[in-house]
Amino acid sequence: MAVTIYDIARLSGVSIATISRVVNGNPSVSDKTREKVLAVMKEYDYTPNPFARSLQFNSMKMVGISCADIKDDYMARMVSILEKKLHEYGYDYMLLCSGYDLESREHAVDLLLKKKVDALILIGSQFLGNCEKDEVAYLHRDAEQVPVFILNGYLENNNIYGVLGDDRNAMYNATESLIKAGRKKILFLYDSESYSSNQKMAGYEDALRDNGIPVDGNLKLKITCSLHEERDLLLMRKDLEFDAAVATTDELAVGVLKYAKARMLQVPKDISVIGYNNSPLADFVEPELTSVDTSIKDMAHVAVDKMMECLQGKKVEHKTVIESRLVKRCTTDF
């Protein structure tokens with residue numbers, strides 16, 4: 001007959017609660033008691049059943065994580081960091097890629113909730129859509145069941161928590177640095193109208209206005225194609241004149257570098273370029289790309305730490321902003 005948690009408690013001479021603390025790595029258990037319990041568990045080949053434990057202690061020690069596309073470098077790096085941090089707390093995770101449309105996002109989150117996860121981590125502001133009521137209704141609904149943590153996004157709700165970079169301020173500083181270096185025609189490249197992209201655009205526009213440069217709609221381009229297609233698109237725009245570019249991702253910035261090479265323009269002499277996310281791509285390209293570092297490691301660690309506090313019933317700030325920094329490399333001359 002299989003040994004149960006009750007048998008282990010009786011054989012160890014401790015309570016069920018103490019067995020629970022040992023199994024969950026609670027530091028309040030003395031080393032002597034912990035060693036005694038673990039010895040009995042080993043002797044009787046007892047392995048805690050996660051499903052039985054979830055029924056008894058109302059926790060699977062499992063977190064649901066969703067991102068749009070794991071092929072995306074930013075999202076892949078974030079998942080990797082989250083995994084290591086969750087394991088430090090003895091938690092596992094389930095990952096589902098949602099895609100970008102509303103129906104797919106809702107479906108992914110619903111599937112995770114059906115697995116009885118303790119909390120949700122959503123990577124990227126795409127889960128907010130355009131922040132209209134119908135785009136975020138599912139998040140308000142899901143937050144009635146578990147805490148929801150959005151990385152790089154924020155939505156007001158008592159059980160939704162945002163941990164995000166200071167995108168508006170970071171893009172403002174990047175754009176102003178170009179202006180102070182003498183650049184006047186600064187191209188802004190973005191790939192979506194997400195919460196994060198909108199914050200970056202606002203920072204770009206604010207920097208122009210504050211420095212007496214009018215915002216030119218022709219210098220704001222939405223790009224959703226590949227790097228080579230982006231290069232060709234820029235080459236076809238004969239009316240497009242710019243002496244610098246800021247982009248909401250490093251990939252978009254690399255497209256500008258390909259354009260510059262095709263035009264035989266020197267970077268940064270003729271065109272200065274700044275990317276975003278400080279991905280490995282920034283080091284791989286030539287010339288190496290100046291990029292905004294959004295401190296995704298800090299963002300992930302803060303999110304998990306605050307999630308654990310939340311699950312313990314502690315009061316947690318609903319919005320935490322992580323400071324970004326500009327990593328200067330060879331595509332700028334300031």
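1. A contact here means heavy atoms within 4.5 Å. In this predicted model, 70% of the contacts between residues at least 6 apart in sequence join residues at least 24 apart.

2. As to overall architecture, the chain contains 13 helices and twelve strands. Its C-alpha trace spans about 80 × 40 × 35 Å along the principal axes.

3. The chain has 334 residues, and 50% of them count as buried. Its accessible surface amounts to about 16500 Å², with 49% belonging to carbon and sulfur atoms.

4. Regarding charge, there are 42 positive and 50 negative side chains. The centres of these two sets lie 3 Å apart.

5. The largest nonpolar core comprises 38 residues. Those with the most contacts inside this core are Ile186, Leu187, Leu189, Tyr204, Phe242, Val246 and Val256. Two or more core residues come from each of the helices α8 (167-180), α9 (195-210) and α11 (250-262), and from each of the strands β6 (186-190), β8 (244-247) and β9 (272-276). Helix α11 supplies the largest share, six residues.

6. Which residues does Val256 touch, not counting those up to four places away in sequence? The partners of Val256 are Leu189, Glu230, Leu234, Phe242, Ala245, Ile271 and Val273. Two of these, Leu189 and Phe242, are also listed among the residues with the most contacts inside the largest core.

Notes:
Residues are numbered from 1 along each chain as its sequence is written. Side-chain values use heavy atoms; hydrogens and water are left out. Helices (H or I, at least four residues) and strands (E, at least two) are DSSP runs, numbered from the N terminus. Buried means under 20% relative accessible area, exposed over 50%, partly exposed in between (1.4 Å probe, protein chains only). Accessible areas come from the Shrake-Rupley method with a 1.4 Å probe; for residues, only the protein chains shown count as cover. Lys and Arg count as positive and Asp and Glu as negative; His and the chain ends are not counted. The place of a charge is taken as NZ of Lys, CZ of Arg, CG of Asp or CD of Glu. A nonpolar core is a set of buried Ala, Val, Leu, Ile, Met, Phe, Trp, Tyr and Cys residues joined through side-chain atoms within 4.5 Å.
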